[in-house]
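Subject: Structure handover

Hello,

Please find the structure below.

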Amino acid sequence: MVNSTAIILNDLRSVPLLTALKLNRNIPSSYLVAHASIFECKEYADHTNILWKLVLKFVFVVFFGLKIIRPRVKDLAEDEMMGVWSSLFSITEDSGATEEKYPKIYHQIAKLAMGSKDVIDYLMYNKNDSVFIFNGRTASSYLITKFCVTNNILLCYYEYAGHCNGFRLFPVAPHASGSLGELIYNYYIYGVYNIADLKDASVKYIESKLNSDFAKNNKKKPSKKYDVAIFLSSDFEYTSIDPDICGVTWNDGVKFCRSVIEKYGEHLSYAIRCHPNSIKDPNWINLIVELRNGLPLLKYEIDLYGPDVAVDSHELILAADLVVTDLSTISMDAILLGKPVDIFGNTDIKHIYTDPWMNSYSENNIQATIAEPFSLQHNFLVFRFSKVEKIVCFLLFAVHRSFAKYESWSVSCCRK
Amino acid sequence: MLQKIILRNYWPFLRFVNLKGLGGFYSRSGEDVLLASILFSHVIKNSSIKIIEINKPESYPYSLANVFFEFCACTAMLINTRNRLIFAAAKNAAELSGLKSTNDISSKDTYGCLNAYVNDSKLYEYSSNEQLVISMSKYSMEYSLVILSAEIESIQLLSELLGGLKIYCIIVLNNNSGFFSCGNTEIRNTLAQKGFVFHTRLNGNDDLFVLSEMVNGFPSNVSAQLNIDSLMRWVSPPPDSDYTVPK
């Protein structure tokens, strides 16, 4: 059992704020700690005004004993930049984002990353047994996560819990990794839930997967049939993930496609489908060029469907004998459509799809049951708020949302 | 009503169920109906479940494990702490190593297990709780359900079982002492420290505890390490029964 727990406040949105408070109230010998930079700089999805942040800072310091760490560290080494890139790519949705391209955002999140180094010094001084942190992948949290994982400090990630009025606690990194798949799988096997609720949730889950916005908006049929359809993930979402933390390795499109072709041979026909979400990425044209140049000349041509091509991914799946993915959740769509899937990445879907018990339980018709464990996600790792906390959360959310609306309004005014 | 208000004050998501009017399969107040209903999803995915029953109360004509014999391949370890006897009841042989087998099953009514006498069910003697836990852990490390009444000997044995075995669900019968028959809070707090969620209060009398990983998937060993027992109060199935993934 742990003796002292640090709860890192590294996000000032409603749910992380309330979660940090709730954890602090419920965990003996725990304390709240934040770096000063959190109240000065903007992190991913943070639209709040600096005055509001100062109010929050005052309230937390005076009433909840928040410890504020002053800035000391002034630089970051090359190997400490992953959190910065992760936040930068997520905020800008640009996999080619650089310091020069987005100097203002870059400098803010670099400050946050330097702040996380100060927090590490504080944790080392205090010799904490366990740490709670929000997300764990952003500029303000990545280095702390890395420090805890490297030093075997018990680490728990707190996160949003969708619309269920609470928060989630992840004992492993909150990425769709094999470790998370194992937890979902255990919940499915050993859990207590109503079978009717499960079946109902499963139907809704399948409907939402097969009628996603991507499926609705892309209706073009593929031109021919293929032996293998390769589906790529969107680069800006996955480029900065640390395999030591989440057990998932990101392979860029070229590397991934090469390994698929090496595995299945050059004599087959291939379709490569870029993630339609990549259309948001200003760098997508460069990625396509890289992909075209990086792939070997094959006996048959490779058909490359870029994010701008409105080809129906489900039709493409049905037109292929085999679907191959790395980290993309399209693998679930392919399984639901009854196609054999080879998942290269260590994802939660792979963990459950390849599990011998799951296959024998579904009598080798995994298409029928694969959705069930994932249908339980609404309650997965969820801890709930009290009625009062829900009201406070709603009010904080309203404040945050009004700042977000004001920001988007002022941006549109500036453009005009 | 007062009991409900008092208990809900601390366990806001506690479910109150009254099955006295309905009755049960082998019980008079519906205890086995509740267990079968709550554990159904668990049982259908775990073909051979193991149950431990400590000191069946005399007011109960049959073991609450009986119903599980009816619809699944269950093994029940029915323990009598007063006589230091364990009755290993199973449709197939349940051998407990390291314990002395005895033929004296004259007290079979003590166990109230109807189906236990099929095939090779056996009665064993044990000398100490430690010896019992070691022997049971050799048989299996995982037990789906422990049934016990709220008396000191049973609770002592339960705490030793929890130290050596993985237990998914616990029902404490007749936990109705104290203020407005609200029951003993100590056992609830102790079980919360082990990662159990106080799931249901049955007939204002019995407490049902379920491991957190069965309710929301959070591993109980991590919750015990993290010392987050008071957060167990905030774990619950979706109040609206909706498990759908939010868009």
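The notes below cover the numbering, a sheet, a helix and the contacts between the chains.

Residues are numbered from 1 along each chain as its sequence is written, and chains are lettered from A and ligands numbered from 1 in the order in which they are written. The model is predicted: local features need pLDDT of at least 70 and side-chain atom pairs count only at pLDDT 80 or more, whereas totals for chains, interfaces and linings use all residues.

Sheet in chain A

Helices (H or I, at least four residues) and strands (E, at least two) are DSSP runs, numbered from the N terminus. Strands count as paired if DSSP finds at least two bridges between them. In chain A, 7 strands make an open, mixed sheet in the order β3-β2-β1-β4-β5-β6-β12. β3 (67-69) and β12 (382-384) of chain A are at the edges with a single partner strand each, so one side of each has no neighbour in the sheet. On average, neighbouring strands of this sheet are turned by 30 degrees against each other, direction ignored. Within it, β5 (154-160) and β6 (166-170) of chain A pair antiparallel over 4 bridges, and Y157(A) stands opposite F170(A) in β6(A).

Helix α4 (103-126) of chain A lies across β1 (5-8), β2 (30-35), β3 and β4 (130-134) of chain A, at about 150 degrees to β2(A). Axes are lines fitted to C-alpha atoms, for helices over the stretch in contact, and angles run from 0 to 180 degrees between N-to-C directions.

Helix α11 of chain A

α11 (253-264) of chain A has 12 residues. Its buried residues (20 or more other C-beta atoms within 10 Å of their own; exposed means 12 or fewer; C-beta atoms are placed from the backbone) are G253(A), F256(A), C257(A), V260(A) and I261(A). They cover an arc of only 130 degrees around the axis (taken from the directions from the axis to the C-beta atoms), which puts them on the same side of α11(A). The buried residues pack against β7 (226-231), β8 (270-273), α12 (284-294) and β10 (320-325) of chain A. The face turned away from that side carries the exposed K255(A), E262(A) and K263(A). Just after α11(A), G265(A) has a positive phi of about 95 degrees.

Contacts between the chains

Counting residues as in contact if their C-beta atoms, placed from the backbone, lie within 7 Å, 37 residues of chain B touch 42 residues of chain A. On the chain B side, α2(B) gives the most, with 6 residues.

Regards

Technical notes:
Two residues are in contact if their C-beta atoms, placed from the backbone, lie within 7 Å. The expected span of a helix is 1.5 Å times one less than its number of residues.
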